[in-house]
Amino acid sequence: MRKLIYIILILLCLSALTACTNDKNTKDTFSISIKNKSDKEIYGLHYEYFIDGNQIGGGNVENADNSILDKNEILTNEFYPEDFQENTDLSKFSIKYYLKLKDKREIPCNNIIKLNVKYNETYKLILLDSGKNGFKMIKRH
């Protein structure tokens with residue numbers, strides 16, 4: 001009988017923890033997933049994002065162990081309401097990526113991606129080689 005009570009208490013605690021986690025996971029976000037189609041050795045991406053041409057923030061996307069990105073690997077940026085000022089017009093969102101090389105140098109992609117973003121959506125991009133030491137991002141449909 002005691003074992004049953006302990007099991008019930010453990011299950012109640014676990015369900016309470018799960019409920020807390022679910023509240024956080026239902027928060028509005030939007031994501032950008034990038035599929036690596038480059039043949040070059042890339043170790044990560046640095047990005048800067050803008051609203052109506054004004055830089056709002058930036059960050060990095062890379063493997064946790066700083067290993068090389070595999071061809072066809074998909075990296076994801078996730079954006080939260082806290083990343084923007086209240087009442088920001090997300091239809092004027094744009095993002096620029098820089099590729100991180102083994103020697104920590106960054107090479108900019110040759111273009112800025114403009115997206116009319118909405119929360120609870122995922123936007124898909126493809127990273128391509130673009131000539132000698134050049135890269136570009138394109139929208140994937």
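Modeller: A salt bridge is a side-chain nitrogen of Lys or Arg within 4 Å of a carboxyl oxygen of Asp or Glu. Please keep in mind that this model is predicted.

Biologist: How many salt bridges does a search of the whole structure find?

Modeller: In general, side chains of opposite charge can pair when their charged atoms come close. Here the search finds three salt bridges. K71 and D39 meet at 2.7 Å, N to O. K71 lies in the loop between β3 and β4 and D39 in the loop between β1 and β2, so this pair ties together parts 32 residues apart in sequence. The side chains of E62 and K100 also form a salt bridge, at 3.2 Å. D103 and R105 meet at 2.9 Å.

Biologist: Is K100 buried or exposed?

Modeller: K100 counts as buried because its relative accessibility is 17%, and buried means under 20%.

Biologist: Which strands form the open sheet, and in what order?

Modeller: Strands of a sheet pair through backbone hydrogen bonds, either parallel or antiparallel. In this model, four strands form an open sheet in the order β3-β2-β5-β6, with antiparallel pairing. β3 and β6 are the edge strands, each pairing on one side only. From one strand to the next, the twist averages 20°. Between β2 and β3 there are seven bridges, and I51 has N54 in β3 as its bridge partner.

Biologist: Which residues have the most contacts inside the largest nonpolar core?

Modeller: In soluble globular proteins, nonpolar side chains tend to be buried together. The largest nonpolar core here has 29 residues, and those with the most contacts inside it include I32, F79, I95 and M137. Among the elements giving two or more residues to this core are β1, β5 and β8. Leaving aside residues up to four places away in sequence, I95 touches I32, Y47, E48, Y49, F50, F79, I112 and I113.

Notes. Residues numbered from 1 in each chain as written. Predicted model: local features only at pLDDT ≥ 70, side-chain atom pairs only at ≥ 80, totals over all residues. Heavy atoms only, no water. Core = buried A, V, L, I, M, F, W, Y, C linked by side-chain atoms within 4.5 Å. Buried < 20%, exposed > 50% of the residue type's maximum accessible area, 1.4 Å probe, protein only. Contact = heavy atoms within 4.5 Å. Pairing = 2+ DSSP bridges. Axes fitted to C-alpha atoms, helices over the stretch in contact; angles between N-to-C directions.
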